[in-house]
Amino acid sequence: MKRWLALSQDWRRVGYAVIAAILLFVLGQAVHPGFLRLNSVATVLVISSFVGLVAAGQCFVILIGGIDLSVPWVLNAAAIMLTVTSLGQEGRAPWAILVTLGLGVLIGAVNGFGVAFLGVPAVVMTLAMDGIMEGLTLGLTGGFTCGACSSYAPPVVQAMAHGASLGFPNALWLWLAVILLVSGALTLTRFGRATYAIGNNPLAAFLAGVSVPGITILLYAASGFFSALAGIMLVGFGGQASLGMGEPYLFQSIAAVVIGGVSILGGRGYYLGAAAGAVSLTVLVSVLLALDMPDYFRSILYGVVILALLLLYGREETG
Amino acid sequence: MSEAVLTRRSRASHVVGQNIGLILAGSILLLAILVYIGVYLIQLHRLPGNFAVTSTVNSAMPLIFATVGQSFVVLTKGIDLSVGGVVDLSNAMAAVTMRNSPGSMALWSVAILLVGAACGLLNGLLVGLGRLQPIVVTLGTLSIFQGLAIRVLPQPGGAIPPGYTNLLVNPNHPYALIYVALLALAWMGFRRTRPGVDLYAIGNDEAASRSLRINVLRTKIIAYVLDGVLGAAAGLLLAANATAGDATTGNGYTLTSIVAAVLGGISLFGGRGSAVGAICGAFITTLIVNILFFSHVDPLFQSFYEGLFLLIAVVAGGVIGGTIRRRR
Amino acid sequence: MIEAAIAAREVSKAFGGVKALTRASFTLLPGEVHALVGENGAGKSTLIKILGGRIVPDQGEIVLGGGIAAQGGSGRGIGTVFQELTLLPYMTVAENLLIGREKRSRLGLIARGELPRIAEAELAGLGISHIDPRALASDISLAERQIVEIARVILTAPRVLLLDEPTSALVEREVAWLFDQIRQLRQAGAAVVFTSHRWNEIASIADRITIFRNGTDVGTFTAIDEDEAITLMTGRQMETMFAPLPPEPSGEPVLELKGARAEGTEPLDLSLRAGEILGIGGLAGHGHRALFFGLFGAPAFLAGEIRVNGRPRRIARPKDAIRAGIGLALVPEDRKTEGLFLPLSVRDNLTLPILNRLSRLGIISFAAEQRVTGEMISRLSVRTPHARQPVGALSGGNQQKVLLGRWLLTKARILLLYDVTRGVDVGTKHEIFSLISRLAAEGFAILLYSSDAEELAHLCHRVVVMRRGAMVAELPAARLSAEAIVAAAMREAGSETARREANV
């Protein structure tokens, strides 16, 4: 036990993130009785899952000291891609989902290529990609005015976001699967070891035979994939794609990852923490909404709470 | 001990090698100006006149100040995502407070710049004392500053006295260039002070700077405070341009200022670059928007071309810079 | 009794539970050169950082002599050259040299334009004329950087000069320069603390020697011979430093290099047999690094052929080398940047290149991993509480063993050992030497570079000396000696410049 405590500061941070999420739920119950009803908890968790999906990709790239700023418009492009390829028809749905996820992977891979082979800083590469996707999405859809643009998500996609199986929301089943998959990939596989190795020391990783560019591209592709997946789920949740729907997910995904105890410098942290961070952020917003606070005050408190959480346990050790 | 005196590079070669970022930024700016003139000539069959130049300069002004502010922080190996929030806050305050009297204008300008300084101080303290990463600190404070801005000015509106507009961004003549010159001059002065040297030192290597007894905390706070002041100045210029306030128009300056700083040759890894480059970068970014506008590019595609251009500029700049350094 | 220039009284310091110093005492007298010797992790660097005011001890006190205190307490009058270089890479030599004491113009602003001229003059005053003050610190060689670092501190005219391994990157001529400077300071009444792992340096410059072991001082001497010092440093008798060399092998070569050319080298030829220890010698910066890293594909050779076990192999990146059965263990020039993942565990550091062997469908078998790491830890007697310990918490020597262990685990039969003993303490050095002999006896082919000619002469079957990117001499066992290596490395060094100039 003592050994566990002494060793794994990174896991301890995951613990803090989980505790923070639980405390925020309790706080919600205190200021707004009924907040902890099963129903409302489930709703909050479903909404968290959208941030959580994006955070999975963000977590991957932050673990190698990168960042993905292209989230907003990859997500948005995916959302519109799904609606225009499926046209709301059930039969087209599987194909549309495949194409959409493929789009995400492709864009992510291009990001990874730019970072790994062209040596463009991740901030610049993904920022440029965000602009490129924004321009393409707006331009090609005529600013979301195209005929197919107003199509609804196919019922199966809507069911994915709203429905439930075995008494548990489908969105949460999906998220659970993602949590298991991502955590497993990071802790149990060669791929995970290579990721942490690159995050800690890219040169040493290269000299130990890790194919740094390959892993980098894979991680950015995964981030594109998760942004696209979140786009699909959000279309399912809201029914339609809308302009700027990806905007909030950039900063929220980064905040979730960091509150989850992942070092923004790379190499340290776990996705489980980021998932807890996503829940914390969503609960916080819900509590503030439940308190009927004006917009501006919500925004301020949101920033204050993020900073407070980070000050409590998110500091870098002094070197 | 030195029987072998190595051949030395010429002074010019050092100047070129150590200022590649700046030289590239200047070259891109020159190219952008030429393309701008060319497109203007083709579309309107005349050279850009006083009005076109003035409006270009004026529209670049807020970005120039925000970018120079951003540069102070980036030079310390940080990044400021909250600069958009500071621009919002300052913009909103200006629209609400400014009256049409010299006293009111002066007083409130100073007050708003001080608010900007306070925002920067908060960032600096959290980064320096709180030992948090700049990117997450400013992510949090962005939310706070934006909230405050909306509190000050819930709906777009308010009014900026015309006198203030004439003073800051004269709509008839590009007098605003004077402020750019003053900014560049102030920068060169700052570069030659203790904090100016320390700024570069901690961006180069923070641990080594500590060993050299450089006051890292003080230097970071100075950088963030100056960043805040310049962000607030950008907000004032934006308000003067629009002659009214809007608590959300500043948001875009966060990412645009980073783009402009990168185009201006400031390394995101810290310790390299100059505010003169940042000014070039801000002009380049503004000119691209104008070029796209005059080329009748579908405005919906605008971000696409901007993104593509940023990528090409950075990749090409890297290749050219690398080649020059090797060949030298 | 003379008043001490600076003294530490029973100071203790711990870093996150690891004790670096335990009630250590040290007295530095004015006008003396005082060598601080001990194994890595004995607490020398920590003591120097404490004396230099860089860190604060947990317990104990630092007493400053009158002359020092008068200049304003802890900082002033004390100059420190830390083991980790502190030059700022993207600033010029002049800016680095003068930082903190730049000349001001009448406006009170720093006269940036004048800095190079001032720096040039100040460097010339110290007898340095080969370093361009206008060059960026990142553009000059490691040795030059170390010299600038030392010059910067000397130029502040310290009353107490603390030098932590100042010679690690320097060649003999530069060391001689440094010792000249130290003697001049001593003459002027300054006190100097000096650490080094090279005994001949200590013997030639030190007035007194204090030996450290396990975070505390075990004795101060005015004269002590090396064997006695080593016994005190390690706490055990050192029979002989070098293990006996296994017999020279005669089989087919396992590694051949034909006409391999890297950036900055001539075409190189080389052949290495199983069981052979082939040394590569010569002064730093003469192409050894390009040879070793070229064999490892990082970056690959520009031209030429590599044969492993008689078959030509294309080695474009480290992964190819690892597949071909080549392992590269190295002490990076800037410590710890090219080998280890400090926050990661000993286990993760050991098994990274062999995970494909330990996993199925990409999923790692923890049981198998546990087994191989446990074996390697005991085989190399890595001193770590358990395999999950972050490698950064180990001492330097043990970190080096982890790095060696990584390549032994790959089952590589060809080992490239690049300066593996630099900055490693005597005890660990001895362990590494006997490991190298043992490995050769087991049939490993070993290519060894060391900056220490003595080491090469004792450890290798034969030694190839490189100069200016070319192999200029091969010394078979019969002609092998440290003097021969040094002679071959230095031969014609002067006339060669003249000839090159004549050719132009």
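In which helix is the place of B:Pro134?

Mentor: This is a predicted model, in which local features need pLDDT of at least 70 and side-chain atom pairs count only at pLDDT 80 or more, while totals for chains, interfaces and linings use all residues. Residues are numbered from 1 along each chain as its sequence is written, and chains are lettered from A and ligands numbered from 1 in the order in which they are written.

B:Pro134 lies in helix α6 of chain B, which covers residues 134-152 (helices are DSSP runs of H or I with at least four residues, numbered from the N terminus). B:Pro134 is buried, because 24 other C-beta atoms lie within 10 Å (20 or more are required). Leaving aside residues up to four places away in sequence, B:Pro134 is in contact with B:Val73, B:Gly78, B:Ile79, B:Asp80 and B:Val127 (contact: C-beta atoms, placed from the backbone, within 7 Å). B:Ala239 is 105 residues from B:Pro134 along the chain, and 28 Å separate their C-alpha atoms.

Chain B also meets chain A: 39 residues of chain B are in contact with 42 residues of chain A. On the chain A side, the elements that give two or more residues are α6 (122-140), α12 (247-259) and α14 (295-313). Of these, α6(A) gives the most, with 13 residues. By residue class, the chain A side divides into 26 nonpolar, eleven polar and five charged residues.

Technical notes. Two residues are in contact if their C-beta atoms, placed from the backbone, lie within 7 Å. Ala, Val, Leu, Ile, Met, Phe, Trp, Tyr, Cys and Pro count as nonpolar, Asp, Glu, Lys and Arg as charged, and the others, Gly among them, as polar. A residue is buried if 20 or more other C-beta atoms lie within 10 Å of its own, exposed if 12 or fewer, and partly exposed in between; C-beta atoms are placed from the backbone.
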